[in-house]
Amino acid sequence: MWAIVSALIEGLVLGVIARLLIPGKQDVPLWLTMILGMIGAMIGNGVAHVFGVANTSGIDWWRHLFQLGAAIVVIATVAPLWAGRKQH
């Protein structure tokens with residue numbers, strides 16, 4: 001149960017930070033921001049594993065940066081699609 005709660009919290013935090021770093025307004029609801037942040041976290045974890053920095057001693061700064069970068073890309077990609085679906 002704690003794994004689900006922590007994944008939701010991590011996704012929300014990553015998603016909100018990513019939205020703050022992306023220029024302009026992203027017309028994405030908070031629940032979708034959280035899901036996209038979770039997707040970014042999973043992609044970032046995979047990239048960190050590829051580069052061999054997924055588990056380091058101390059804080060995994062590289063892993064967190066990869067997660068945030070992936071969340072930024074995912075939200076920047078999905079936000080225009082989400083906004084465009086309302087116009088049809």
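1. Terms and ground rules. Helices (H or I, at least four residues) and strands (E, at least two) are DSSP runs, numbered from the N terminus. This is a predicted model, with pLDDT of at least 70 needed for local features and pLDDT 80 or more for side-chain atom pairs, while totals for chains, interfaces and linings use all residues. Residues are numbered from 1 along each chain as its sequence is written, and side-chain values use heavy atoms, with hydrogens and water left out.

2. The overall picture. The protein has 3 helices and 0 strands, giving the pattern α-α-α along the sequence. Its C-alpha atoms fill a box of roughly 50 × 30 × 20 Å along the principal axes. Of the 88 residues, 31% are buried (under 20% relative accessible area; exposed is over 50%, and partly exposed is in between, with a 1.4 Å probe and protein chains only). Contact means heavy atoms within 4.5 Å. Among contacts with a separation of 6 or more, 62% come from residues 24 or more positions apart.

3. H1 against H2. Two packed helices are described by the angle between their axes and the distance between the axes. Axes here are lines fitted to C-alpha atoms, for helices over the stretch in contact, and angles run from 0 to 180 degrees between N-to-C directions. The axes of H1 and H2 come within 7 Å and cross at roughly 100°. That makes H1 roughly perpendicular to H2 (65 to 115 degrees; under 35 is roughly parallel, over 145 roughly antiparallel and the rest oblique). On the H1 side the residues include Leu-8, Gly-11 and Val-16, and on the H2 side Thr-33, Met-34 and Ala-41. By class, this contact has 9 nonpolar, 4 polar and 2 charged residues (Ala, Val, Leu, Ile, Met, Phe, Trp, Tyr, Cys and Pro are nonpolar, Asp, Glu, Lys and Arg charged, and the others, Gly among them, polar).

4. H2 against H3. These two pack at an angle of about 135°, with axes 7 Å apart, so H2 and H3 are oblique to each other. The contact of H2 with H3 has 16 nonpolar, 6 polar and 1 charged residues.

5. H1 against H3. The axes of H1 (residues 2-21) and H3 come within 9 Å and cross at roughly 65°, again in a right-handed crossing. Leu-14, Ile-17 and Leu-21 are among the H1 residues here, with Leu-68, Ile-72 and Ile-75 among those of H3. The classes are 8 nonpolar, 2 polar and 3 charged.

6. Arg-63. Leaving out residues up to four places away in sequence, Arg-63 touches Glu-10, Asn-45, Ala-48, Val-53 and Ala-54.

7. Asp-60. Look at the loop between H2 (30-51) and H3 (61-85), where Asp-60 sits. With 9% relative accessibility, Asp-60 counts as buried. Its side chain makes a polar contact with the Thr-56 side chain at 2.6 Å (N or O atoms within 3.5 Å; within protein one must be able to donate a hydrogen and the other to accept it, and residues adjacent in sequence count only if both atoms are side-chain atoms). Beyond neighbours within four places in sequence, Asp-60 is in contact with Ala-54 and Asn-55.

Technical notes: Left-handed = near helix turned anticlockwise from the far one by under 90°.
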